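Hi,

Here is the structure I promised to pass on. Have a look at it first, then read my notes below.

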Amino acid sequence: MNSETKTCQNCKSEFTIEPDDFSFYEKIKVQPPTWCPECRYIRRLLDRNEYNFCKRKCDATGKSIISIYRSDAPFPVYNQEYWKSDAWDPTQYGRDFDFSRPFFEQYEELRRAVPHLAMVNSNSVNSEYTNQAQNNKDCYMLVTSDRCEKCMYGSWCEKSFLCSDCYMTEKSEFCYECINVAKCSGCAWCYDCSDCIGVYLSSNCRGCSNCFGCVGLRNKQYHWFNENLGKEEYEKRLQTSHLNRGFLQEAREKFSRLRLSIPVKFYHGMQTQSSSGDYIENTQRARSAFNCRDNKDTAYMQDAWQQNEDCRDCTEIIVGQLSYETQGVDSPHRTIVARSCFNTITDSCYCDMCFGTSNCFGCFGLKKGSYCILNKQYSKEEYVELKKKIIEHMEKTGEWGQYFPPEVSPFTYNESMAQDYFPLSKAEALAKGYSWRDREKQEYQVTIPASKLSETIAETNDSILNETIGCISQESPGEKENRPLCVGAFRIVPLELEIYRKLQIPLPQKCFPCRRTDRFTLRNPRRLWKRGCQCRGKADDSQLTTDDKGASRYANTTAHFHGGEPCPNEFETSYAPDRPEIVYCESCYNSEIA
Ligand SMILES: [Zn+2]
Ligand SMILES: [Zn+2]
Ligand SMILES: [Zn+2]
Ligand SMILES: [Zn+2]
């Protein structure tokens with residue numbers, strides 16, 4: 001079988017269906033997709049609201065609750081305990097399938113009738129504002145996180161303690177504004193680092209302690225912008241800087257210059273075989289994978305975290321096999337199109353918010369069960385027969401194999417995760433036909449503008465906990481325009497202050513959504529470009545040289561496999577061709593940095 005180029009019916013750009021894609025679609029008996037992989041991914045993300053919480057009433061108990069659904073959502077919403085209890089029965093809403101109408105229309109009617117779970121947050125203590133999260137204690141505004149204690153404003157944190165504003169931390173403590181760190185302690189603004197202690201503003205460091213502004217170091221101490229200062233001088237410099245705002249601003253600029261002078265590997269991760277993507281680890285034949293571990297024979301997967309085999313188009317998944325077009329489903333097995341399903345879902349299609357179900361079709365909110373269609377119970381034989389007929393019907397209507405239509409998502413573009421990975425302005429979103437909701441004007445009584453916050457943490461006293469700080473994005477008109485998610489003001493919670501004091505860093509000047517947007521911008525986009533290795537060969541001195549445009553270029557320190565000639569390797573990378581980084585293939589990168 002050959003690859004085929006198709007035109008996406010959504011964005012009209014061309015995309016390729018590879019031979020292994022065709023065999024997958026054949027295996028699960030769906031038609032090849034009509035939308036390109038990126039449009040399919042955005043369609044799934046539109047269904048996912050991780051951290052826009054609102055206060056509303058539980059439609060069963062009347063109590064005030066926190067939910068990801070606004071009070072004007074077109075369906076009932078129950079609080080966690082009541083939803084999971086036996087007080088109501090989702091099969092009460094069961095109905096017959098009508099072959100004179102499209103499937104999605106009937107499914108949407110069912111979904112609007114059945115109560116929704118206010119948030120997905122289980123087995124957690126004192127962690128009301130956590131979503132898609134479990135086993136956490138004393139956490140606040142934390143999403144997609146597990147087994148954390150005293151963590152705030154983060155996502156993808158695991159087994160971490162007292163971390164704030166982090167994205168992807170594993171077994172880390174006292175960290176602030178870090179991305180992709182593991183086993184780190186007392187670190188701030190660290191990116192792609194592991195086993196580091198007391199490291200600030202650094203990237204790609206391993207086993208380092210007491211370093212500042214460093215890039216690509218291994219097992220080093222007391223380094224300052226990659227220079228070995230020794231303990232005494234290092235401590236002196238750190239102390240005289242007072243880590244004040246002005247110093248940090250200059251340090252950030254210096255750090256980004258240093259970062260651009262040292263090659264980067266074309267992807268983040270390791271142990272990948274015949275795979276493409278970014279933030280990937282231990283993968284075999286995983287194509288276009290983002291933030292994926294232990295994937296085998298998969299394509300177009302995102303945030304697929306443990307064993308996933310023979311799957312395509314799954315977003316936010318832990319373990320899966322032979323599944324397609326799922327979002328927020330922890331363990332799908334042989335499942336086609338599903339969202340927000342937990343406790344393993346098997347041999348099912350078009351299910352949403354179902355727990356531990358098998359052989360179900362078009363169901364919503366089932367807490368267990370098998371052989372249900374549109375929440376109605378059938379015998380095994382009846383189920384098999386009816387399922388076959390519905391699939392034939394959906395093949396005729398063009399619905400079979402398509403994910404839930406984006407128009408019925410309860411979230412607008414800017415409330416959904418689509419805005420995080422594919423940010424659009426309001427005008428752009430509306431032009432593309434997406435919905436948008438302006439933030440309701442909150443009547444915050446700002447008691448201190450961010451520009452008036454003290455320069456250092458030493459000058460900050462506990463009274464800051466009583467202040468409402470105006471986000472600095474609101475202070476300049478240009479910035480205000482670019483910040484559609486800004487909430488305008490923020491407060492400091494005691495746990496946060498503890499972190500700033502421990503790390504000796506000044507208070508943030510932006511609100512949580514602005515900080516979150518900044519963090520996402522620091523990471524490469526979830527897109528790939530074909531490029532060649534930028535290594536020019538030649539093992540000369542280790543000084544920076546200058547190219548014909550006057551830009552700094554890196555000179556290799558060791559001999560590479562391609563000798564004095566430019567490296568011939570090509571790859572797919574999330575570093576776009578116009579980015580300033582020096583992008584190396586794995587072999588060249590390992591020769592220099594490893
Ligand atoms: Zn498209
Ligand atoms: Zn803001
Ligand atoms: Zn190379
Ligand atoms: Zn090379």
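A handy bit of background: an α-helix has 3.6 residues a turn, so residues three or four places apart point the same way.

Before going on, some ground rules. This is a predicted model, where local features need pLDDT of at least 70, side-chain atom pairs count only at pLDDT 80 or more, and totals for chains, interfaces and linings use all residues. Residues are numbered from 1 along each chain as its sequence is written, while chains are lettered from A and ligands numbered from 1 in the order in which they are written.

"Buried" is for a residue with 20 or more other C-beta atoms within 10 Å of its own, "exposed" for 12 or fewer, and "partly exposed" for in between, with C-beta atoms placed from the backbone. Helices (H or I, at least four residues) and strands (E, at least two) are DSSP runs, numbered from the N terminus.

Now for D330, which sits in the loop between β27 (324-327) and β28 (332-333). D330 is buried because 21 other C-beta atoms lie within 10 Å. Leaving aside neighbours within four places in sequence, D330 is in contact with I317, I318 and F342.

There is also an open sheet of 3 strands, in the order β35-β36-β37, with mixed pairing. Its edge strands are β35 (448-449) and β37 (489-490), each pairing on one side only. Strands count as paired if DSSP finds at least two bridges between them. β35 and β36 (residues 469-470) pair in the parallel sense over 2 bridges, and the bridge partner of I448 in β36 is I469.

Zooming out, the chain has 13 helices and 42 strands. Buried residues make up 44% of its 594 residues, and its C-alpha atoms fill a box of roughly 75 × 60 × 40 Å, taken along the principal axes.

Cheers

Technical notes: Two residues are in contact if their C-beta atoms, placed from the backbone, lie within 7 Å.
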